[in-house]
Amino acid sequence: MDNLKVEANDVIAEYREKNSQLEFDNTVLRLQVKKLQNKISELTAEKKTSKKGNK
């Protein structure tokens with residue numbers, strides 16, 4: 001029975017470690033997406049401004 005508890009604790013610890021890594025990766029990806037969205041907005045705004053200036 002103790003072996004099962006130790007094995008279960010190992011599995012839980014491994015799951016938590018992987019989950020933490022996934023949460024971290026997810027946060028990094030969200031930040032990258034936000035930066036890319038800001039850059040797209042910036043470039044889109046520049047394009048609109050230059051079109052208005054050319055008219």
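Visitor: Does Glu 14 count as buried, partly exposed or exposed, and what is its relative accessibility?

Guide: Glu 14 counts as partly exposed, because its relative accessibility is 43%; buried means under 20% relative accessible area, exposed over 50%, and partly exposed in between, with a 1.4 Å probe and protein chains only. The model is a predicted one, in which local features need pLDDT of at least 70 and side-chain atom pairs count only at pLDDT 80 or more, while totals for chains, interfaces and linings use all residues. Residues are numbered from 1 along each chain as its sequence is written, and side-chain values use heavy atoms, with hydrogens and water left out.

Glu 14 has a partner. With Lys 18 it forms a salt bridge, in which the closest N and O atoms are 3.2 Å apart; the term denotes a side-chain nitrogen of Lys or Arg within 4 Å of a carboxyl oxygen of Asp or Glu. Side chains of opposite charge can pair when their charged atoms come close. About one helical turn separates Glu 14 from Lys 18, because they are four residues apart in helix H1, which covers residues 2-54. Helices (H or I, at least four residues) and strands (E, at least two) are DSSP runs, numbered from the N terminus.

The whole structure holds two salt bridges. Lys 39 and Glu 42 also join their side chains in one, at 3.4 Å from N to O. Both residues belong to helix H1, where they are three residues apart, or about one turn of the helix. Lys 39 is partly exposed, with a relative accessible area of 42%, and Glu 42 is likewise partly exposed, at 40%.

Glu 42 and Gln 21 are 21 residues apart along the chain, and their C-alpha atoms are separated by 32 Å. Lys 35, also in helix H1, is exposed, with a relative accessible area of 63%. Between Lys 35 and Lys 5, 30 residues apart in sequence, the C-alpha to C-alpha distance is 45 Å.

The wider picture is as follows. The secondary structure comes to one helix and zero strands. The C-alpha trace spans about 80 × 10 × 5 Å along its principal axes. The radius of gyration is 24 Å, whereas a compact globule of 55 residues would have one near 10 Å; this radius is taken over C-alpha atoms, and the globule rule is 2.2 Å times the number of residues to the power 0.38. Buried residues make up 0% of the 55 residues.
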